[in-house]
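Subject: A structure for you to explore

Hi,

Here is the structure I promised to pass on to you. Have a look at it first, and then read on for what turned up in it.

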Amino acid sequence: YGLVKNIDIIKKWQEGTEYFVTIEGTVEPSVVEDAIEDALNRYGKPKFMVLIQETFNNKKNIPGFTETEILIQEVMGNSGFQFVDAAMTQQLMKKEKSKMQKAVSGAVSEDVQDLLMSDAGAEVIIIGTAETKSQGTKTLQSLGATEMKSMSAIIRIKAIDLYTGDILATTSKNAPGLHIEDETASKKAIEAALRQILGKTEDGKFQAGPFMETIVKKFVKAANAREIKVLVAGLAAAELKDFKDQ
C-alpha cells in the first residue's frame, strides 16, 4: 500500500526456508487513512445496531428510537456506515425482550449473536446511556440571556464486535447546549457530545473521532483473522478431501 516511504534495509537473513528483512522508514499518516478506507471497502463496513438507554429532560426513553440513537445514525450514516432499520430494532425490543435486554447490557451470548447477526444483520452494537439535564441559570443571567435554556448532556457508550463479543471501543463525553426551548437545547447538547465521540464533517469529508477510529481499526484487524465456518454436505470422502485441499 505504500504506507512507508524512504525505506532503508537494516538487516536481512535466512532461517531454513524463510527469508527475513528488517526495514526502517517514514510512515505517511494520510496513506494509512487511505489504506484503512480501502480495507473497509474490501471487507465491507460493519453494520451497526444502536441501543442507548436515554434520559431526555427527565423522561426515560427505551432503546430502539431515542434521540441519541437518531443522531448517531445521522452522523455515521452521512459517512457511509449502515444501520439496522430502526423499525426492526423496535420490533425486536418488543418480541425478543429477554435477548434484547442482554444486548443492551452488553451480554453477547450465543442466542443474542444468532438474533442480531442472523435475523437483523448487525455486526457491531453500540450500547450505553445518554442523559440530558438543566444547567444552572446564574451564567445565563450574568450574560443577560434570561430567555435561553441551558442543558447539558453526558453520553457513555461502547461498541461490541458481535462476532467475538469483544469490546472494540469505549468512551464518555459531556457537552452543553443552548436554546430558547428545553428540548432543542438538549438535542444540541447531545449533538455537541457526539461530535467529540464520532467526529464531524469538514469540507465535505467526514473526520472520524477517536471512538470511531478505534472501532474501524479493531474491526478491520479482527476481520483479517476471523474464523469462517463452512458446512459441507453430500460429498464422498475423496470429494471432501479434494474440497479441503482446494
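F48 and F83 are both buried in this predicted model. Their ring centres lie 5.8 Å apart with the planes at 35°, so this pair counts as tilted. The two partners come from distant parts of the chain: F48 sits in strand β3 and F83 in strand β5, 35 residues apart. Together with F81, F48 and F83 make up one aromatic cluster.

How many aromatic pairs does the whole structure hold? A search finds 4. Another of them joins W13 and F20, and this one is stacked, with 5.3 Å from centre to centre and 10° between the planes. W13 is partly exposed, with a relative accessible area of 29%, and F20 is partly exposed too, at 28%.

Now back to the inside. F48 is also among the residues with the most contacts inside the largest nonpolar core, alongside M76, I126 and F211. That core has 32 residues. Helices α2, α7 and α8 and strands β3, β6, β7 and β8 each supply at least two of its residues. Which element gives the most? That is α7, with 7 residues.

Leaving out residues up to four places away in sequence, M76 touches F48, F81, F83, I126, L198 and M212, which includes every member of the aromatic cluster formed by F48, F81 and F83. Apart from this core lies another one, of 18 residues, including L92, A103, A122 and I160.

Beyond its neighbours within four places in sequence, T171 is in contact with I155, R156, I157, I197 and F211.

Finally, look at the surface. L3, V4, I7, I9, Y19, V21, I23 and V27 form a nonpolar patch there, with about 700 Å² of accessible area together. Strands β1 and β2 each give two or more residues to the patch, and β2 has the largest share, with 4.

Enjoy exploring, and write back with any questions!

Best wishes

Technical notes:
Residues are numbered from 1 along each chain as its sequence is written. This is a predicted model: local features need pLDDT of at least 70, side-chain atom pairs count only at pLDDT 80 or more; totals for chains, interfaces and linings use all residues. Side-chain values use heavy atoms; hydrogens and water are left out. A nonpolar core is a set of buried Ala, Val, Leu, Ile, Met, Phe, Trp, Tyr and Cys residues joined through side-chain atoms within 4.5 Å. Buried means under 20% relative accessible area, exposed over 50%, partly exposed in between (1.4 Å probe, protein chains only). Contact means heavy atoms within 4.5 Å. Patches are made of residues with over 30% relative accessible area and no salt bridge: like charges are joined within 9 Å, nonpolar side chains (Val, Leu, Ile, Met, Phe, Trp, Tyr) within 5 Å. Accessible areas come from the Shrake-Rupley method with a 1.4 Å probe; for residues, only the protein chains shown count as cover. A salt bridge is a side-chain nitrogen of Lys or Arg within 4 Å of a carboxyl oxygen of Asp or Glu. Rings of Phe, Tyr and Trp (its six-membered ring) pair if their centres lie within 6.5 Å; planes under 30 degrees apart count as stacked, over 60 as edge-to-face and the rest as tilted.
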